[in-house]
Amino acid sequence: MFRKNAKAEQGFTLIEMIGVLAIISILAAIIAPKIFEAIANSKISSLAEGIATVRTSVTSYYKDTGNFPTQWSDGNSTSQNQMMVKNPTALRGWNGPYLDKALVNPINPNGYLRTQQGSWTFDIDGDGTNDYGTGTSHATVSMVWFNQLSADQAKQLSNIIDSDGDNTTGNNAWYNAGRARTSNSADPGTSTNVTMFVFLGSR
Ligand SMILES: [Ca+2]
Ligand SMILES: [Ca+2]
C-alpha cells in the first residue's frame, strides 16, 4: 500500500511534464479559434435577435401611434429619442413601453444600435432599382442603425437577414441589396468598423 503511494508521490518526470504541456498546447491551438469563432457567431445571432425584437416593437408602435419612433438609441440619449421605452411627448395612442430598456450593441457596447425614422434608399429585391427612395433621393423609412462590425460580421448578418452572403458583386451584392445593407452600399473589404442599416418598414 505504502509503496504504491510512494510511487505516485514522485509526480511527473520532466519528460512527462514536457509531453503533457505539448499536448495541452496542441489542444489549445486547435480549440481556442473554435471558441473565439463560437463567441463571434453568438454575438451576430444575438444582434439578429435584437433586430427581430425591434421590428416587432416598431410594428406595435406604428399600429398604436400611426408613426415610427423618431429615434431611439443606447448612449447619448435624450428623452426625445427613447420613444420606444417611454413617452416623453405624450404622443397620442402611445401604449408602451414597446421595449423594456435601451438595447446594447452586442458586437461592441460602445457602438450604436438604434432604431429611427430615417431617410435612406433600399433595393430590397436587388434588381438595381430602389424600392424605397428614387435614385439618390431618400425615402422616409423605419430602420435599425448599428456600427462597429467587421466586414465578415456584416456579411454574416446580411446572410441571416437576406440569405445573400454568396452575392459578392453587382446590384444584388449582400452589401447593397436586401433589407440589410451597408451605409455606403460598397464592399467593405477588410474594414473593421462597418455601419449597417436594416429596413423595418415604410409608411
Ligand atoms: Ca428593387
Ligand atoms: Ca443584404
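Three bridges, written here as 3 bridges, join strand β4 (residues 180–182) to β5, and the two strands run antiparallel; within this pairing, A180 stands opposite V198 in β5. Strands are taken as DSSP runs of E with at least two residues and helices as DSSP runs of H or I with at least four residues, both numbered from the N terminus, and two strands are said to pair if DSSP finds at least two bridges between them. The model is a predicted one, in which local features need pLDDT of at least 70 and side-chain atom pairs count only at pLDDT 80 or more, whereas totals for chains, interfaces and linings use all residues. Residues are numbered from 1 along each chain as its sequence is written, while chains are lettered from A and ligands numbered from 1 in the order in which they are written.

Taken as a whole, the protein chain has a secondary structure of 3 helices and 5 strands, which follow the pattern α-α-β-β-β-α-β-β when read along the sequence. Of the 203 residues in the protein chain, 28% are buried, where a residue is called buried if 20 or more other C-beta atoms lie within 10 Å of its own, exposed if 12 or fewer do, and partly exposed in between, with C-beta atoms placed from the backbone. Among the contacts in the protein chain with a separation of 6 or more, 54% are accounted for by residues 24 or more positions apart, a contact being counted if the C-beta atoms of two residues, placed from the backbone, lie within 7 Å.

Strand β5 (residues 194–202) also pairs with strand β3 (residues 139–149), to which 7 bridges join it in an antiparallel arrangement, and here W145 stands opposite F197 in β5. Strand β3 is joined in turn to β2 by 8 bridges, and these two strands likewise run antiparallel, with G118 standing opposite V141 in β3. Strand β2 (residues 113–120) contains S119, a residue that counts as partly exposed because 13 C-beta neighbours lie inside 10 Å. Although S119 and V141 are 22 residues apart along the chain, their C-alpha atoms are separated by 6.1 Å; when residues up to four places away in sequence are not counted, S119 touches H138, A139 and T140.

The packing of two helices was also examined. Helix α2 (residues 14–65) and helix α3 (residues 151–162) pack at an angle of about 50 degrees, with their axes 10 Å apart, where axes are lines fitted to C-alpha atoms, for helices over the stretch in contact, and angles run from 0 to 180 degrees between N-to-C directions. That angle makes α2 oblique to α3, since angles under 35 degrees count as roughly parallel, those over 145 as roughly antiparallel, those of 65 to 115 as roughly perpendicular and the rest as oblique. The contact is made by I44, L47 and A48 of α2 together with Q153, Q156, L157, I160 and I161 of α3. By class, the contact of α2 with α3 has 6 nonpolar, 2 polar and no charged residues, with Ala, Val, Leu, Ile, Met, Phe, Trp, Tyr, Cys and Pro counted as nonpolar, Asp, Glu, Lys and Arg as charged, and the others, Gly among them, as polar.

Several features fall in the loops. In the loop between β1 (71–72) and β2 is the place of P97, which is joined to G96 by a cis peptide bond with omega of about 5 degrees. The loop between α3 and β4 holds S163, whose phi is near 55 degrees, a positive value in a residue other than glycine; S163 counts as exposed because 11 C-beta neighbours lie inside 10 Å. In the loop between β4 and β5 is S185, where phi is near 50 degrees, again a positive value in a residue other than glycine, and S185 counts as partly exposed, with 14 C-beta neighbours inside 10 Å. T192 is also found in the loop between β4 and β5 and is exposed, with 11 other C-beta atoms within 10 Å. From C-alpha to C-alpha, T192 and Q148 are 6.8 Å apart in space, while in sequence they are 44 residues apart.
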